[in-house]
Amino acid sequence: LNLLKFCPNIILLKSYDVILNVKSKNGEAAKQSMDQATLLISGLTDDYAKAYFLYSKAVYYMYVKQYDKALSEINKEIKMEQSFAPMKLRAEILYKMGNLKESALQYRELLRQNEEMYTTAFVRQMSQIHALHAMNELQLEVKDLHVKELKLGAKQQQLKLTFTIIIMLISILIFGLIVYIHMHRLKNELLKEKSDLLKSEK
């Protein structure tokens with residue numbers, strides 16, 4: 001019963017080992033970790049653990065150049081979870097298989113999703129900044145109504161609160177800038193990969 005309770009965590013750990021060993025070019029250790037996770041996967045109901053296991057298998061099969069198996073595993077994961085990492089891996093597998101046209105289409109779809117994700121994240125950050133700004137203004141207006149009744153100590157408390165709000169706004173602006181830089185860099189990488197693929201098709 002304890003094994004079943006911790007089974008998803010064990011599978012996640014073994015799946016991570018597979019990917020780590022592939023990156024270290026230790027195919028034998030990667031295969032061993034994959035086989036150990038396979039023994040526990042039957043009956044598993046944790047979709048996240050299942051999806052990550054399928055991803056690790058696709059990584060391993062691509063490493064050993066069994067591209068058909070790699071494509072099969074990553075397609076299974078994408079049916080469960082259409083996130084960036086598995087879709088990028090699928091494009092890489094297709095490229096390794098020599099299917100340059102479909103690989104380019106996959107990269108193009110990734111680029112489209114990346115642009116949508118960037119736009120959504122940017123709009124969300126701006127909305128949060130506007131909401132905090134509006135809240136700040138409202139709080140200042142309320143405080144102004146009571147300023148005449150406040151003592152010197154209350155005025156100092158107001159300054160502390162205003163400073164805290166400014167720090168929050170600055171933090172959100174910095175976070176938004178980090179998100180923008182990350183998404184812009186990711187967009188450039190995808191454009192470069194897309195360009196390289198299109199050049200290889202010629």
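I looked up what covers the buried residues of α4, and the cover includes α3 (47-63) and α5 (84-96). Helices here are DSSP runs of H or I with at least four residues, numbered from the N terminus. Buried means under 20% relative accessible area and exposed over 50%, with a 1.4 Å probe and protein chains only.

The model is predicted, so I noted its limits: local features need pLDDT of at least 70, side-chain atom pairs count only at pLDDT 80 or more, and totals for chains, interfaces and linings use all residues. Residues are numbered from 1 along each chain as its sequence is written, and side-chain values use heavy atoms, leaving out hydrogens and water.

I listed the buried residues of α4: Tyr67, Ala70, Leu71, Glu73, Ile74, Glu77 and Ile78. They cover an arc of only 165° around the axis, which puts them on the same side of α4; the arc is that of the directions from the helix axis to the C-beta atoms. Asp68 and Lys79, on the other side of α4, are exposed.

I then turned to the chain. The protein chain has 7 helices and 0 strands. Of its 202 residues, 33% are buried.

Last, I checked the lining of the largest pocket. Among its residues are Ile19, Tyr55, Met62, Lys88 and Glu92; a lining residue has an atom within 4 Å of a point of the pocket, an open set on a 1 Å grid over the protein atoms alone where a 1.4 Å probe fits, with protein on both sides within 12 Å along at least five of seven lines. The elements giving two or more residues to this lining are α1 (2-23), α3 and α5.

How values were computed. Contact = heavy atoms within 4.5 Å.
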